[in-house]
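Dear colleague,

Please find below the structure that I am handing over to you.

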Amino acid sequence: MGLLSDPNRRRALISLLTRLNAPICVVCYMAGVAWFMGLAFEPFTLRTYMSENAMGSTMVEERFPAGERALATGREFSAHKKKAGGMPVDWLVKTMQSQGLEVFTQRFSRTLPFPDENKERYMVKGTNVYGILRAPRAPRTEALVLSASCIPGDNNNQAVGLLLGLAQYFRNQVYWAKDIIFLVNEHDLIGMQAWLEGYHHTNTTGMDWSPLQGRGGSIQAALSLELSSDVITSLDLVLEGLNGQLPNLDLANLFYAFCQKIGVLCTTQGKLQRNDWDSVSGYSHAVQTMMLMVMKQASGRPWGDHGLFLRYHIEAATIKGINSFRQYKTDITTIGRLMEGMYRKLNNLLERLHQSYFFYLMPSLSHFVSIGYYMPAFGLLAVILLLRALDLWVQLASPPPRTEDGFVDPEQMSSPGVLSVLTPLVISHLTGVALYTLPIRFQEMAVEHFPVSETEAVVLTAIAVYTAGLALPHNTHRLLSGGGTEQGWKVLKMVAVLYLAVLLGCTALINFSLGFILALTLVPVAAFVTPHAPKALSAFVLVILSPACTLLFSVFFFQELQEMPISFLDGWMLYLSVISQGILDHCLYGSLVYPLIALLVYPCWLLFWNILFWK
């Protein structure tokens, strides 16, 4: 405090920071990237541990015996699904009722804003079926959920069979202190969204659904099953939910503990855990796993049916069965025992999961990186923006230099007009509003005038608005003020830099992965763009580091991380698909990534584009 309260010392510190501003920014950027890459090094991570005392021990005897019966039920479900051409509602109701559950159905419908070409649907109608096992030893104020989605084709039939097998087995046990809801939802996330809105009496997405006739207690936790094979080689834990939300770490710890106890091969991001962390290949494997989690979290989309539960503060995860080339095999009975053990431990909870972490990254299931370890990496990038803002503030506050004859340059003395700074801000944000609203509104007009489908019209309109926006703020200050001053672009850049710092800081607090990826690309742009730089080279760099190109590079990088490289043409088609899915996820489930990019990040980037061409 003495350093800042003493005027002489404060002046000396500011002089040092401004004189070495560029080298300090470069060092901070390199240190931030190095810090983040070091997070996957095992000595720098923490070992997972159970924080919740009620789940601290896995001393539960699992006795589920009906694996073969569950497979038979799955095959029967598959036959009735083919016969009905979709969800076999009547068969599911009769089967659950025969197991002693209270069975209810929910009808729902939703018209998508434009066709989902990935899943070939537009007018979506379906029915959810769920059965409630009432708790015999409690006042029925709390509940747990086990769900499996009814997917077209031969997918996920084994998951529904195991769900029904567990329902029958759980019905004969007397130790349940919470209601257990067995849910079979149709049309994956859309059906799950309808059921959750009906259960909590909310309607945030404009979906039509019938009210639920039966409810359990307050849902404490939920697990979603995805099994599409009779034999499973490993179980993959999927954690990423809507808008980058993650469940309490204790839920992942519980899954890992029971996998270790029962002897089931478990993975995260489809990657096995390796013990050779001190080798280059072992470290590379951990980085790959952590970066996959970062990319999935940054997308903001739910990567399983569990992802929508997190919006309602319900800890949830998806357990996905993988049948690969590995020689290790796990039968359905073993998976049933694992699910039984997890639900028995969740049944012991006296309160919601809250003692462990909600913000973390996982290079493996046995190690994690807490928020206190990964936030400094973002902080080192964010401090660059504050240093550049300080440098600009000092330049604006210092008196203008005098010429050799003692006179001051009139251009240096002229203060920037309000319109010269305000105009680019307003027009840039109006461009963002157009990018957010026009693609869906103009899809019919585009289909009428061009030979494209509705989905292609939405994506191409978004790209057209994005590209046209590069010309709109270009030298807009000259329209009203007649020209820009040297002081004008500095004021605009200082405003834009502080704006970006606040924007990235708020984004990183909600979704660290998205905030860090945006900081990696936007901070260099914000730090070093000036009107005096070479125009052609600087414009090329700005376009390469723009939000749209960042998304394009992320598509190819994600495929490389999954060890599924693709050609440029396939990558471009996947890029267009990612744009359409991002807009759909916002309209259907309330994902915030698309409005964040369109309304805030893109206009902020346009301000730096305008600074580059300032005259």
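How many disulfides does the structure hold? The structure holds zero disulfides, a disulfide being a pair of cysteine sulfur atoms within 2.5 Å. Please note that this is a predicted model, in which local features need pLDDT of at least 70 and side-chain atom pairs count only at pLDDT 80 or more, while totals for chains, interfaces and linings use all residues. Residues are numbered from 1 along each chain as its sequence is written, and side-chain values use heavy atoms, with hydrogens and water left out.

Cysteines

The closest cysteine sulfur to that of Cys259 belongs to Cys266 and lies 4.2 Å away, which is too far for a bond. Cys259 is buried, at a relative accessible area of 1% (buried means under 20%, exposed over 50%, partly exposed in between, with a 1.4 Å probe and protein chains only). Cys506 is likewise in no disulfide, the nearest cysteine sulfur, in Cys604, being 12 Å away. Cys506 is partly exposed, with 43% relative accessibility.

Salt bridges

The count comes to 13 salt bridges, each defined as a side-chain nitrogen of Lys or Arg within 4 Å of a carboxyl oxygen of Asp or Glu. One of them joins Glu62 and Lys261, at 3.0 Å from N to O. Glu62 is in the loop between strand 1 (46-47) and helix 4 (67-84) and Lys261 is in helix 8 (residues 249-262), so this pair ties together parts 199 residues apart in sequence. Helices (H or I, at least four residues) and strands (E, at least two) are DSSP runs, numbered from the N terminus. Glu62 is buried, at 10% relative accessible area, whereas Lys261 is partly exposed, at 37%.

A salt bridge also links Lys320 and Glu226, whose closest N and O atoms are 4.0 Å apart. Lys320 belongs to strand 10 (residues 315-322) and Glu226 to strand 7 (residues 218-226), so parts 94 residues apart in sequence are tied together.

Surface charge

Glu117, Glu120, Glu444, Glu448, Glu454 and Glu456 form a patch of negative charge on the surface (patch residues have over 30% relative accessible area and no salt bridge, like charges being joined within 9 Å). Helix 14 (443-449) and helix 15 (454-468) are the elements that give two or more residues to this patch. Glu117 sits in the loop between strand 2 (102-116) and strand 3 (121-133) and is partly exposed, at 42%.

Yours sincerely

Key:
Patch = residues over 30% accessible without salt bridge, like charges linked within 9 Å, V, L, I, M, F, W, Y side chains within 5 Å. Areas by Shrake-Rupley, 256 points an atom, 1.4 Å probe, with all protein chains shown as cover. Lys, Arg positive; Asp, Glu negative; His and termini not counted. Charge placed at Lys NZ, Arg CZ, Asp CG, Glu CD.
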